[in-house]
Amino acid sequence: MTRAEYFEIIAQSSEKVLVPLAEKILQISSMIIKKKPEKGMLMLQTRDGAADTLFNLGEILVTECMVELDGVEGYMMMPGNVPEKAIAGAVIEAALAGGHNLSEEIKATLAQEKKRVNKEKAKEVFDVEKTAVRFEIMD
Amino acid sequence: MGFVSVKAGWDAVENAEKLVEQRRIGHDAPLLTLPQIKTQLRGAVDKVMSEGSLYDEELAALAIKQAQGDLIEASFLLRAYKTTLERKGYSQPILGKEMRVLRRISSTFKDVPGGQILGESLDYSLRLLNFNLMEEKKTETEDIEDNQEKDTLREFSYPKVSEILRKEGIVVTEKKEEFSFDITRESIVFPAPRSAILQSLARGEEGAMLCLAYSSLRGYGPVHPTIAELRRGYLPVRIKHPITGETVKIGEIRATECEAVVPEYREKQIFGLGYGLVLGYNERKAISMAVLDKTLQSTEHKSPSEDEEFVLYHIDGIDSSGFVEHLKLPHYIFFQSDLDRLRKIQEKSDTYAKK
């Protein structure tokens, strides 16, 4: 899996999973906070379906954070005001980028999280599929 | 008469504020929690996020609680809060065709590729007051028949109906505008670029937009469209990773998108397209936006809904409520001036009458 794919899984993982995992990493690694977790806004740019015009839909509240773990930089941006989750995410991102000793455990945990999230999404899709319309032609 | 500065009423103002708070919590009913608002007043949360122009369910719920259900006030609170936040940057352009669709209907063809998915909807049900909710107890909701393995995620995206029509050569391809105007950074100058129009509509007040769109449908405007596609679901939010430069996904937003077709003549008879996209689930607003996008493309300017300045200056709920409600503030000097003028005119009228 690529760094970008891991980023996506980290960003959608639960805080209850990310924070203990980051704490475990920090027990054997040193961290410098390069950008402390701070909330702010991200402008959502979109393209319209009529003319492909680029326009600003509105903003989303995000928390952004950057760390350096054993000399390797890690970054995270997540929706919402989630400072602890964001710093944990940045630590994990850096750990994976730097090939940390706990990489295998991190990957296994993230694989579980991906499975959990996909299960929730699949349930939503499954419920929706049941509302597909089957037209009957009337005589 | 000159202006006179006065200072008074601080106690009255403080006590008035306390009274509002007393009325909010001074009763025996359980106090509202943010999870209750987020999960059970979803329409209100989505309206406030869209009109406050800030996607965050937690803050929208807080604003609704603080505003005691006054949704324009709640949207104002969100907009005001935004001024305290730094803008971290811009997302990569979001495309409606990437939506993880949870509802999708078309009024143009019954057999649209991918089919019609009703999702959660009461559009085709009898809507009457449900008195059972007055004494409701929490029970397990009835699960839709479930005997499938749900661990694997199937992609749930659909081709856009407008793209299918465009390939058939029956929908116009508009000129692309790469420049993205930002109405939160610059004042609109008319005629406004399309990006400014769409941004204004996206954060407009649902009721005002509904009124103007309805006026067009009723004949006070040129547009009465057919909905090519109305869809809602999750759109991916992506950014450029500042370290790797790669595009990464940070999460998803819920959104509603509407594309509406209108017959028109441009060298040949063809369908024009109106576009609506709003934060959260709000089909009424997305449809109204698509109608107004199309009325504003008109060159006739015969009705209010075709007038850019009229539409864009009057659909913002925060602007309009602020201006209307400022009438409650003291206007003593101005009124005194009106009164003086009125008396003088009356005196002159009396004098002429006597002559």
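A salt bridge is here a side-chain nitrogen of Lys or Arg within 4 Å of a carboxyl oxygen of Asp or Glu. By this rule B:Lys249 forms a salt bridge with B:Glu252, with 3.5 Å between the closest N and O atoms. The structure is a predicted model, in which local features need pLDDT of at least 70 and side-chain atom pairs count only at pLDDT 80 or more, while totals for chains, interfaces and linings use all residues. Residues are numbered from 1 along each chain as its sequence is written, chains are lettered from A and ligands numbered from 1 in the order in which they are written, and side-chain values use heavy atoms, with hydrogens and water left out.

## The interface of chain A and chain B

Contact means heavy atoms within 4.5 Å. On this basis, 58 residues of chain A are in contact with 76 residues of chain B. The size of an interface is often given as the accessible area lost when the parts come together. Buried area is the accessible area (1.4 Å probe) that two parts lose on being put together, summed over both. Between chain A and chain B this area is about 6,300 Å², and carbon and sulfur atoms give 63% of it. On the side of chain A, the residues that lose the most area to chain B are A:Met41, A:Leu57 and A:Phe126, together 11% of what that side buries.

A polar contact is a pair of N or O atoms within 3.5 Å; within protein, one must be able to donate a hydrogen and the other to accept it, and residues adjacent in sequence count only if both atoms are side-chain atoms. Across the interface of chain A and chain B, 26 residue pairs are in polar contact, with both residues at pLDDT 80 or more. Helices (H or I, at least four residues) and strands (E, at least two) are DSSP runs, numbered from the N terminus. The elements of chain A that give two or more residues to the side touching chain B are α1 (3-12), β1 (31-47), β2 (54-69), β3 (72-79) and α4 (103-129). Of these, α4(A) gives the most, with 12 residues. The residues on this side of chain A divide into 27 nonpolar, 12 polar and 19 charged. In this division Ala, Val, Leu, Ile, Met, Phe, Trp, Tyr, Cys and Pro count as nonpolar, Asp, Glu, Lys and Arg as charged, and the others, Gly among them, as polar.

## Salt bridges

The structure holds 43 salt bridges over all chains, and seven are counted between chain A and chain B.

| Residue pair | N to O distance |
|---|---|
| B:Arg194 and A:Asp48 | 2.5 Å |
| A:Lys24 and A:Glu105 | 2.7 Å |
| B:Glu51 and B:Lys47 | 3.0 Å |
| B:Lys249 and B:Glu252 | 3.5 Å |

The side chains of A:Lys24 and A:Glu105 meet in a salt bridge. A:Lys24 lies in helix α2 (residues 15-26) of chain A and A:Glu105 in helix α4 of chain A, so the pair ties together parts that are 81 residues apart in sequence. Buried means under 20% relative accessible area, exposed over 50%, and partly exposed in between (1.4 Å probe, protein chains only). A:Lys24 is partly exposed at 37%, and A:Glu105 is partly exposed at 32%.

B:Glu51 and B:Lys47 both lie in helix α3 (residues 42-52) of chain B, four residues apart, about one turn of the helix. B:Glu51 is buried at 2% relative accessibility, and B:Lys47 is buried at 11%.

B:Lys249 is buried, with a relative accessible area of 13%, whereas B:Glu252 is partly exposed at 22%. These two residues belong to a network of salt bridges that also links A:Glu8, A:Glu124 and B:Arg100.

## Strand pairing

Two strands pair if DSSP finds at least two bridges between them. β2(A) and β3(A) pair in the antiparallel sense over eight bridges, and A:Val62 has A:Pro79 in β3(A) as its bridge partner. The two strands form a hairpin with two residues between them, and A:Asp70 in the turn has a positive phi of about 50°.

β2(A) also pairs with strand β1 (residues 54-55) of chain B, in the parallel sense over two bridges. Here the bridge partner of A:Ile60 is B:Tyr55 in β1(B).

Within chain B, six of the six residues of strand β4 (residues 100-105) are buried, so β4(B) is largely enclosed by the rest of the structure. Five bridges join β4(B) to strand β5 (residues 226-240) of chain B, and the two run antiparallel. B:Ile105 stands opposite B:Leu230 in β5(B).
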